[in-house]
Amino acid sequence: MLHDADLRGFASDNYSGVHPEVLDAIAAANGGHQTAYGADAFTARLQEVVREHFGEAAEAFPVFNGTGANVLALQALLPRWGAVVSAKTAHINVDEGGAPERVGGIKLLTVPTPDGKLTPELIDLEAWGWGDEHRAQPLAVSITQSTELGTLYTADEIRAIADHVHARGMLLHMDGARLANAAVALDTPLRAFTTDAGVDILSLGGTKNGAMGAEAVVVLSARASEQRVGEALVYLRKLNMQLASKMRFISAQLVALYDGDLWRRNAEHANAMAARLRAAVEDVPGVSFAYPTQSNGVFARLPEGVADRVRERFFFYDWDRAAREVRWMCTWDTTEDDVDALARAVREAAGA
Ligand SMILES: Cc1ncc(COP(=O)(O)O)c(C=O)c1O
């Protein structure tokens, strides 16, 4: 064995393995020959599944990872002179190694937010200067659902952003690496806060929800189609090295999650474990929380030294070391025992 299959932690929702139903789907997709580069039966089925979730106009472009999905989606929306407005905490700004700028050639215009969420007023801090040749043109806005801070936009909040963005001639991108967690927390279908709320293009997550490695860019709106975003994606996906030759295995993972209720079961479980964790440590003296726990991440501020003592037993990341803030992520295979053991360790380390 190269690894300890019992080792568990709260570092990220991609530290977990592959959900057995996804692994079965990959195995079932094996055998025989299928046309490469996406003209296969599994990618065709994925298009049907995506249309069932997001509406008849939706078109999916499976890719290898979330960074690739984001860069590709934004590149397809923007001309060379375009810029995208995002929260300062957005994954595209802090966790993609500069790929949007370097690979995508996209200028990011970032805005500080209290909770990872943009509002029309916050967008306006950077959405200005159209027609000024000295300013990269703000032509898109990117929001993350659920956010990097574990918070959520309501469908109405997204609709207000979409109306605001569209009225200014911009398009709206959603980073949905954790879209499933948002849908179950809001108790709505996926389309209620995407297609129906005016989102133009989506990075649809799979990996954090139990896939081995599968995401997709999904074109949602007629507005995006009119700008020939789908056609751009055909060429940009290859150019950005995100075109899988054996695409059937990527599509089969997304079909396994989204054709049925696996996406929902996995996200419900991860969210429930985060809620359990928060409830279990909420009354520990000196522990406080920077944000509401609305999806599968808990962001806690701990007394001096507690994080490092607990980390001797469970791995997780500091989110903001200066603020003594840590991030605990729950995932589809986090157990109640894991959560209770972490909570006990926090309690002991805090001397409670
Ligand atoms: C909000 C968000 N977007 C996108 C991604 C996808 O990133 P990756 O390129 O690691 O698949 C992540 C993963 O951490 C994320 O948290």
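Reader: Which side chain does Asp-318 meet in a salt bridge?
Author: Asp-318 meets Arg-321, with 2.4 Å from N to O. Keep in mind that this is a predicted model.

Reader: Are those two buried or exposed?
Author: Asp-318 is partly exposed, at a relative accessible area of 26%. Arg-321 counts as exposed, at 53%, because the cut-off for exposed is over 50%.

Reader: Which residues do salt bridges join into one network?
Author: Arg-45, Glu-48, Glu-52 and Asp-259 are joined through shared partners.

Reader: Why would such side chains pair at all?
Author: Opposite charges can pair when the charged atoms come close.

Reader: How many salt bridges does the count come to?
Author: The count comes to 27 salt bridges. One of them links Asp-333 and Arg-8, where the closest N and O atoms are 3.9 Å apart.

Reader: Where in the chain are Asp-333 and Arg-8?
Author: They sit in distant parts of the chain, 325 residues apart. Asp-333 is in the loop between strand 11 (325-329) and helix 14 (336-349), while Arg-8 is in the segment before helix 1 (20-29).

Reader: And how accessible is each of them?
Author: Asp-333 is partly exposed at 24% relative accessibility. Arg-8 is partly exposed as well, at 32%. Those values fall in the partly exposed class because buried requires under 20% and exposed requires over 50%.

Reader: What about Arg-51, which side chain does it meet?
Author: Arg-51 forms a salt bridge with Glu-56, at 4.0 Å from N to O. Arg-51 is partly exposed, with a relative accessible area of 28%, whereas Glu-56 counts as exposed at 68%.

Reader: New topic. Where is Asn-209?
Author: Asn-209 lies in the loop between strand 6 (201-204) and strand 7 (215-219).

Reader: Is Asn-209 buried or exposed?
Author: Asn-209 is buried, with a relative accessible area of 5%.

Reader: So what is Asn-209 in contact with?
Author: Leaving aside neighbours within four places in sequence, Asn-209 is in contact with Ala-180, Leu-257, Leu-262, Trp-263, Asn-266, Ala-267 and Trp-332.

Reader: Take Trp-263. How many residues apart along the chain are Asn-209 and Trp-263?
Author: They are 54 residues apart along the chain, and their C-alpha atoms are separated by 6.5 Å.

Reader: Which atom of Trp-263 lies 3.3 Å from the side chain of Asn-209?
Author: The backbone oxygen of Trp-263 does, and the distance of 3.3 Å is to a polar atom of the Asn-209 side chain.

Note on methods
Residues numbered from 1 in each chain as written. Predicted model: local features only at pLDDT ≥ 70, side-chain atom pairs only at ≥ 80, totals over all residues. Heavy atoms only, no water. Helix = DSSP H or I, 4+ residues; strand = E, 2+ residues; numbered from the N terminus. Buried < 20%, exposed > 50% of the residue type's maximum accessible area, 1.4 Å probe, protein only. Contact = heavy atoms within 4.5 Å. Polar contact = N/O pair within 3.5 Å; in protein donor to acceptor, adjacent residues only side chain to side chain.
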